[in-house]
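The sequence and structure are shown first.

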Amino acid sequence: MTPNPPQKAIIYTNDAPRRHAPLATTGILGWLRSNLFPTWFDTLLTIVSAFAIIVGLTGLIQWTISGANWYSVTRNLSNLMIGSLQADPIAVARVNMMTLLLAFGIGVSLRAWSRVGSRGWLGVAIAALLLLIVPIAVTPIPLPASLVTSGSISIVSGSVTEIPQNAMSFIGAQSETIRLRLASSFTQTDAGLAGVTAFTDRAADALITSASARLQDQGRIEEVQRLIESPTTPAPDRATLTTELDALRSTNDLPIVDIYALSGPDMAVRVLAEDGTTVLAEAELTQGGDEFTFTLPESSWYILERTVLAENANTLLEMHGVYPVLERGITRTRLGEDGNPIIDSRSGQPQVVSITQHIRVTDDFLVETAQPKQNGVDVTRYLFVNNQYRGVRPLDHFLVLHLGPFFEKMGRALLPCLALVALGYLVMHLLDKLYPPVPPTPKLSRRIVFWMWALMPIIIYILIASTDAREWGGLFLTFILTAVGIVVSFPIGVLLALGRRAEGLPVVKYFCIGVIELVRGVPLITVLFLASLALPLVNPALSNVPGAVRAMVAITIFSAAYLAENVRGGLQSIPPGQTEAAKALGMNPPQVTMLITLPQALRAVIPTLVGQCISLFKDTSLVAIVGLADLTRVADTIVAQAEYIGLRRETYLFIAAVYFIFSFVMAYVSRKIEDSGSGVARQVQL
Amino acid sequence: MALLRDERFIKIFLQVVFVAIFFTGVALLAQSVSYALAANNLSPSFQFLGLRAGFNIGGAETYYSPDDSYWRAYVVGLENTLRVIVVGLPASTLLGIVLGIMLLARNFLIRSIAQFVVEILRNTPLLVQLFAIYYIVVLSLPPVKDSIQIPDMNPLIVLNNRGIVLAEMLASPRFMLFAVIAAIGIAVAVTFWIEAGRIIERTGRNIPRIRGAIGIAVGVALFGYILASVPLAPSTITIEQDGSSMEVAVSDSLAQNLLTPEQRAEVARTPLIVVSPQKAGLRYVNGNPYTATYLALTISLIVYTAAFIAEIVRAGIMAVDKGQIEAARALGLSFERTLSLIILPQALRVIIPPLGNQYLNLAKNSSLAIAISFSDLFQVSSTIINQTGQSVSMFAMVMLTYLAISLSIAFVMNIVNGRFQLISRDTVIQLPWWKRLGDWVTHSVLRRPHVEKMSS
């Protein structure tokens, strides 16, 4: 047979030129078209939601900068973080050490189990840079002024009558300069008054409220006049409008600045020392004149006396360098000459003394001496309660009053932690380089990390156990409850799960089922109350157990039941062939469990376990209901104080952000673990 | 010694030891608890339930007074909890499904908004959300005199910082006729549904089952409404004025606003009338009032649970293999048919178990009412404990009640779940227990060999 002649291959050499895909389908345009504008309905949705997003975001940013009073957060950060422990410096040091240790552990674990890419380090660097630079960058911004009224006319605004004070006591640091001036720029017109953005006392507050009310009424008067003169208004309406106009005109005949004669008089000021009699400086201030400066000789209280040099007039004094104070009561152990605490002979406990600290709002300068008196009478302190910041806050005031101090305080806490995370990472990196892993033994780094985390509870216990558990609070208490809850409930939960599957021991099995279903069927709050109320009943000697420990017991029991169910899911997912093979090899049941079943089961449920961790972290907020001072409860107590009444929005937003950040990070870690293949079956994430 | 190697002996021995330890522990516990209670002159009993309660329950003034017993107070608290659960479950499911669909939307902005909302709701504690909604949203509503009325005249909803008042519907004497006709209509619709389902299965014809059933039910109900409105209303009504009863014309009395809502319902032409809340001084009368705490608790529970349900719905729909949808497209099925025949059955299989879990969570999270002093079961119980000191009895009652609620919800969800699960080779079809009794007797008592029976 003759072979087939070779076929001629037909090769096309002039293909149509390759063209780029249609512009509207690739790149950013393509993304826009397919994600935002595929159909007309989608376009409509896009427009509506974009509008909603923009309005919402700008409203939020505007509220954050201009409207929100962030002092409830920035002045209570240590309270929110560690609760009442903040008063004991030794306890604070211990908590700090614990945090730094945990940060180091996180850095070490990061290197052992994964890699932080360049993007991660970039993020860390940016965060560190922000924390360092922002506080320094806001230093040149001048602080707002403080306005106080003096004079003889009481100021009436609505149902409120305020009497101007003529003497007040304030604190100042050594070699600080105070500048006093009559606030003539604000006191010429009502509009000037209404636009004040400064710390104002109650009388000035009333003045500003009346001024803005009058401005509103002026606007309404013009509107009513316009309506009366317009031809389209019907006659009966015109009559009511005329009555309204007359009423408005009668109550608003004079501007506020003239009623209280704010722009007229001069004023004499005197600065006295703490004792109430030594005059340190006096001056006379004129409207539109120079300002009076005075350098404070030492860090202590000072008294400012003001006299208006005219009858029936008030003045508005503008002060720079004098800022309101917060008072805080703390107890301290009294130290003897040798520096050791003095023991009370009767009770055997160290003597404590109660001190009232006065802390300046704008920085943390504080004074611990008592307020000054004049002729035996306390001089009114310049307190923050009565002298809040007033007005639509401009951006620079927001930066210097809130953002700068907040970043500075957070930086003091976070920068060492970030540094230690990086240090841990570096140490583990060097260790890996020095001792490269020799398969099949696990890497040295992983073994070190395992032992480190196994010993961590013991180290933390040693650090924390000597602090008073009754004083624990804030985020610290939340963490301790979560950590103890997870760590202690883990063995209990595993035992319950194993017991539930013990087919050969029906008593144990039904007991475990009963316990698990009972604890899972009741709310956590009932278990918490049960632990709090019933513990003294179980054993009267237990009534001295601090509330935090009772909450730990309740949370442990609760978490163990849920963990048992999760682990049971993992145990069920193991093919029965594994146990059969183990039995064929001659292992007894405990060996089968410990060596074959449990390792596989636990590895399979790691994502669910992390999810359980996250829910537990959020559920610890419920201890606020039984009176423990966790993060939520501390926020509540802050908002109940007189200085921060009505600041729920800001405080709750902050603690929600704290919870969110930690939960989100934990969920992210869980997703990473799951993606790396630790889970066996794809589980529905709850 | 051989005994120690005998597996049966070890098992029984271990269980005996376990039981011994357990009962010793329980006995010690009971002893110390009763000792501690006796030291406080309290004996654990349930007799205190008959005593006078002595405390108020907000929002329940019309059917509960401080003179009622503790048991009555407990029942009122249970009613409040059930009210929260009954409203919360369907509403959160609906909102959760909407959010879940938004999470799967093609539109980037809609998806981002939904992701943002769901992440925030899932990662912050419920207690913080509850406080935020109560203190920041509900308590910021205007006071009673400036209430928000929707719509402004003859409002259906009235919102103020004391709560919400909803319009109520009252039944007139004609309601019975209307109800009977509507019930007939629903019965016909259900029969149509079942029959049409059989025809569709058998012949494959495309009968619009949903539209047909809804149309029949609504049509017959509408017909019944109109029929019941045909007879004339009474033209006069007896009212009490100044202690004596007299007959007045209906139109005059309506114009002069002399009738109570019940009387208005009596002379109404339609089977149902809508009674709007009316301001009377410092309160609103004639509506269904709900306290601000109830509003805050229900809203925050609904929103929180909806976020979790949204994630479950998303996971469920994403669990359907993409090939299924491609095959449906290849077969030419429309989007609605694909959804109802292919996607939903498979997605629901994955959705229902965790959904049941979320329902249980909602029922248990309703106990957070104590944080804002809403008189639910737990809050009332803790008040009772504070007053009587009977913590053991009350805790037992509370935990049993919550357990009963949880088990009921879990029972219903298990039945629903069973309907949706796949029947495969491994599924064990179990006969009902009364049919299994005979086999059990044969197997264990009479010791005859057990024969597996297949029964339909």
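Across the interface of chain B and chain A, eleven residue pairs, both at pLDDT 80 or more, are in polar contact (a pair of N or O atoms within 3.5 Å; within protein, one must be able to donate a hydrogen and the other to accept it, and residues adjacent in sequence count only if both atoms are side-chain atoms). On the side of chain B that touches chain A, α2(B) gives the largest share, eleven residues. By class, that side has 38 nonpolar, twelve polar and six charged residues.

The model is predicted: local features need pLDDT of at least 70, side-chain atom pairs count only at pLDDT 80 or more, and totals for chains, interfaces and linings use all residues. Residues are numbered from 1 along each chain as its sequence is written, chains are lettered from A in the order in which they are written, and side-chain values use heavy atoms, without hydrogens and water.

One salt bridge is counted between chain B and chain A (a side-chain nitrogen of Lys or Arg within 4 Å of a carboxyl oxygen of Asp or Glu). B:Arg106 forms a salt bridge with A:Asp42, with 3.4 Å between the closest N and O atoms.

The contact (heavy atoms within 4.5 Å) divides between the chains as follows.

| Chain | Residues in the contact |
|---|---|
| chain B | 56 residues |
| chain A | 52 residues |

About 4,900 Å² is buried between chain B and chain A, with 75% of this area from carbon and sulfur atoms (accessible area, 1.4 Å probe, that two parts lose on being put together, summed over both). B:Gln15, B:Asn123 and B:Met399 supply 12% of the area that chain B buries against chain A, more than any other three residues.

Terms used. Helices (H or I, at least four residues) and strands (E, at least two) are DSSP runs, numbered from the N terminus. Ala, Val, Leu, Ile, Met, Phe, Trp, Tyr, Cys and Pro count as nonpolar, Asp, Glu, Lys and Arg as charged, and the others, Gly among them, as polar.
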